[in-house]
Amino acid sequence: MRASDADRDATAERLAAALAEGRLRLGEYEERLHAAMSAVHLGDLAALTADLPEPAPAVPAVEEESGSPAATALGPAPSAWKEWTDEWRWWLGGAVIMTGIWGVTSIMGGALLPYWPLVPLGIWAAILVAAAIWPDESSDGRR
């Protein structure tokens, strides 16, 4: 039976997974990928992956409703905490940038200027802490 583009793409994905797992060397992967893209029959594709283990079946993600008793009993969803820590990473990035600007302007001025980043960083941090203490009940953690 003749191979379709979808068959060739599936074989290419399987070869890429094998490369990422360390089952194939880069040169061997490139050879097999070239052979997969030029394969005409399904048997040609099967021979390229015959020595590789079958991929693990994908486990479908189960989403739990945020209003269910189990979700409220366990506290906030992990995604809410991830978003909160991501916000703190943004804060840290802003702190680095503003402190860098303050440092450069202090050096160029020849004297230490008052540490002005304290004001915007303090306000930003207060908002992040307030969001952790008093979360928005109307949102479900998604933006």
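This is a predicted model: local features need pLDDT of at least 70, side-chain atom pairs count only at pLDDT 80 or more; totals for chains, interfaces and linings use all residues.

Modeller: Residues are numbered from 1 along each chain as its sequence is written, and side-chain values use heavy atoms, with hydrogens and water left out.

Colleague: Why is the contact between R14 and E54 called a salt bridge?

Modeller: The term requires a side-chain nitrogen of Lys or Arg within 4 Å of a carboxyl oxygen of Asp or Glu. The closest N and O atoms of R14 and E54 are 3.5 Å apart, so the pair qualifies. R14 lies in helix α1 and E54 in the loop between α3 and α4, so the pair ties together parts that are 40 residues apart in sequence. Helices here are DSSP runs (H or I, at least four residues; strands are E, at least two), numbered from the N terminus.

Colleague: What makes R32 buried or exposed?

Modeller: Buried means under 20% relative accessible area, exposed over 50%, and partly exposed in between (1.4 Å probe, protein chains only). R32 has 12%, so R32 is buried.

Colleague: And how do you class E28 and D51?

Modeller: E28, at 21%, is partly exposed, whereas D51, at 53%, is exposed.

Colleague: Which residues does the network of salt bridges join?

Modeller: R32 pairs with E28 at 2.9 Å and with D51 at 2.8 Å, N to O. Through shared partners, R25, E28, R32 and D51 form one network.
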